[in-house]
Amino acid sequence: MTIKKPVRGLFFDLGWTIFRPATGDWRITVKALEYINPQILWSIPQDKLNSAISKANEYVKNEIYKTEDEELERYTNYYRTIAEMLPEINITKEQAKIIAYDRVYNDSNYVFFDNTKKIIEGLKEKYKIGVISDTDPSIKRVLKNAGIYDYFDNMALSYELGENKPSPGMFRHALEVMNLPAIETVLIDDYEKNLDGASTLGIQSILTLSRPDSQESTKYLSIKKLSDLLLYL
């Protein structure tokens, strides 16, 4: 497995690629853990827990929306649904809104991997750099506050496009705005299914093994940390 040259453009996933959730879970934030006892949460029967999460996810599905206010409304409904369907965790509607507000507006929920800014800055000198990510409007603020937003030439974001990876539309849009042949681009992502979707359009792919449950790919190059990318470009 090798990367064919020349490479002129790089696409980065965001979550578990350039940063991770502070708690290891995007929805169970530090603020959520102030109100939710994890032992009680994980003692709930799996089918009941899954049903609640599935219902709550209806509020954060891939419809087009633009603002952090809309994002806050979605996550407020998400956590309130969880609270209503799982009375065992003893969360009030007001507490659900507090958790949602923190989820949207607290940048410390995102922990950037070591040397992310330095690595992205260095890559920007040689390549066009884009983002392909399933994410929310607040992510632009997070990237700006981290000082790396301006390094990206373009972004294909689920909340703006109304679809999620591995939908071909996400990758087609990214290629159109990058304005490069697919074979001259590389996607770095933490899910093999997303790399599969990109590969169908000719985008080269690298799997990052940053999630705790990650396993090396038999189809794609695998890297353990972002700096390892430099070994293959």
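## Terms and model

Contact, the sense in which residues are said here to pack or touch, means heavy atoms within 4.5 Å. The structure is a predicted model, in which local features need pLDDT of at least 70 and side-chain atom pairs count only at pLDDT 80 or more, while totals for chains, interfaces and linings use all residues. Residues are numbered from 1 along each chain as its sequence is written, and side-chain values use heavy atoms, with hydrogens and water left out.

## Helix α3

Helices (H or I, at least four residues) and strands (E, at least two) are DSSP runs numbered from the N terminus. The expected span of a helix is 1.5 Å times one less than its number of residues. For the twelve residues of helix α3 (residues 46-57) this gives 16 Å, and the end C-alpha atoms are 16 Å apart, which agrees.

In α3, the residues Leu49, Ala52 and Ala56 are buried, where buried means under 20% relative accessible area, exposed over 50%, and partly exposed in between (1.4 Å probe, protein chains only). An α-helix has 3.6 residues a turn, so residues three or four places apart point the same way. The buried residues of α3 pack against α2 (38-43) and α4 (68-85).

## Pockets and cavity

On a 1 Å grid over the protein atoms alone, a cavity is a set of points where a 1.4 Å probe fits but cannot get out, whereas a pocket is an open set with protein on both sides within 12 Å along at least five of seven lines; lining residues have an atom within 4 Å of a point. Grid points are joined across faces, edges and corners, and a volume is the space filled by probe spheres set on the points. The largest pocket has a volume of about 1,200 Å³. Of the 45 residues that line the largest pocket, Trp26, Arg27, Tyr75, Arg103 and Asp134 are the closest to its centre. Helix α4 gives the largest share of this lining, four residues.

The second largest pocket has a volume of about 160 Å³, and its lining includes Met1, Thr2, Ile183 and Leu221. The structure also holds one cavity of 30 Å³ or more, and about 50 Å³ of space lies in the largest cavity. Among the residues that line the largest cavity are Pro21, Trp26, Arg103 and Tyr110.

## A buried strand residue

Thr208 is placed in strand β7 (residues 204-208), and with 3% relative accessibility it counts as buried. Leaving aside residues up to four places away in sequence, Thr208 touches Trp16, Thr17, Ile188, Asp189, Asp190, Ser214 and Ile223.

## Backbone exceptions

Most residues other than glycine have a negative phi, and most peptide bonds are trans. The peptide bond from Lys5 to Pro6 is cis, with omega near 5 degrees, and Pro6 is found in the segment before β1 (9-12). The peptide bond from Lys165 to Pro166 is also cis, with omega near 5 degrees, and Pro166 has its place in the loop between α8 and α9 (168-178).

Asn90, although not a glycine, has a positive phi of about 60 degrees; Asn90 is found in the loop between α4 and α5 (93-105) and is exposed, with a relative accessible area of 63%.
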